[in-house]
Amino acid sequence: MELFWKKVQFTGTCWIWTAYLDRDGYGLFRSNRLTPKSWRAHRLAYALEHGSVPPGHLDHLCRNRACVRPSHLEPVTPKVNAERGMKAQQTHCKNGHEFTEENTYRKPNGTRACRTCHRDREKLPEALQRRAEAQLRYSARLKERQG
Ligand SMILES: [Zn+2]
Ligand SMILES: [Zn+2]
């Protein structure tokens with residue numbers, strides 16, 4: 001695997017992959033002789049150190065995606081990884097309500113929204129007015145159909 005380590009720059013802390021990086025900033029290693037397809041460099045480094053690659057995600061403890069130092073890599077299950085991602089997001093809505101499980105819902109486009117804010121908006125006079133008008137239009141249409 002000399003070929004592999006030749007492409008690594010050993011800095012004081014992180015070992016930086018100097019060859020090709022993919023779109024996401026992870027190192028890519030390609031060798032026709034040893035590996036028919038390309039490998040993520042950090043996964044290969046981990047496999048060289050530990051003998052195998054764990055299923056699922058390998059997290060960079062140093063947050064440096066180009067780093068291939070095995071001791072900077074920690075296998076995480078998809079669940080833990082998702083939880084970490086959630087924590088990285090904001091914890092409160094723009095009006096300061098906490099995004100707890102009960103207070104959060106997903107909009108169709110996948111973004112989070114605050115239930116308290118949604119409820120407050122529905123209590124506004126304009127919202128009440130809107131609903132009253134919609135109700136009137138609905139009964140008018142019903143009458144037309146019956147009529
Ligand atoms: Zn590192
Ligand atoms: Zn809110």
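Donors, in what follows, are N, O and S atoms within 2.8 Å of the metal (3.2 Å for Na, K and Ca); water is not among the atoms, so sites may look incomplete. The structure is a predicted model, in which local features need pLDDT of at least 70 and side-chain atom pairs count only at pLDDT 80 or more, while totals for chains, interfaces and linings use all residues. Residues are numbered from 1 along each chain as its sequence is written, chains are lettered from A and ligands numbered from 1 in the order in which they are written, and side-chain values use heavy atoms, with hydrogens and water left out.

I begin with the zinc ion (ligand 2). Cys93 (SG), His97 (ND1), Cys114 (SG) and Cys117 (SG) coordinate this ion at 2.0 to 2.3 Å. Along the chain, the donors of ligand 2 follow the spacing C-x3-H-x16-C-x2-C. Histidine 97, in the loop between α3 (78–88) and β7 (104–106), and cysteine 117, in helix α4 (residues 115–123), are 20 residues apart, and the pair links distant parts of the chain. Helices (H or I, at least four residues) and strands (E, at least two) are DSSP runs, numbered from the N terminus. The four donor atoms subtend angles of 100 to 119°, which makes the arrangement around ligand 2 tetrahedral; for four donors, that term requires all angles to lie between 85 and 135 degrees. Histidine 97 is partly exposed at 22% relative accessibility, whereas cysteine 117 is buried at 10%. Here buried means under 20% relative accessible area, exposed over 50%, and partly exposed in between (1.4 Å probe, protein chains only).

I turn to the zinc ion (ligand 1). Its protein donors are Cys14 (SG), Cys62 (SG), Cys67 (SG) and His72 (ND1), 1.9 to 2.4 Å away. Cysteine 14 lies in the loop between β1 (8–10) and β2 (15–17) and histidine 72 in the loop between β5 (57–60) and β6 (73–76), so this pair ties together parts 58 residues apart in sequence. Cysteine 14 is buried, at 10%, and histidine 72 is buried, at 14%. The arrangement around ligand 1 is tetrahedral, because the donor atoms subtend angles of 102 to 112°.

Finally, the aromatic residues. Phe4, Trp5, Phe10, Trp15, Trp17 and Phe29 form one aromatic cluster. Rings of Phe, Tyr and Trp (its six-membered ring) pair if their centres lie within 6.5 Å; planes under 30 degrees apart count as stacked, over 60 as edge-to-face and the rest as tilted. The whole structure holds seven aromatic pairs. One of them joins phenylalanine 4 and phenylalanine 29 edge-to-face, 5.2 Å centre to centre with 80° between the planes.

Key
Tetrahedral: all angles 85-135°; square planar, octahedral: opposite > 155°, others 65-115°.
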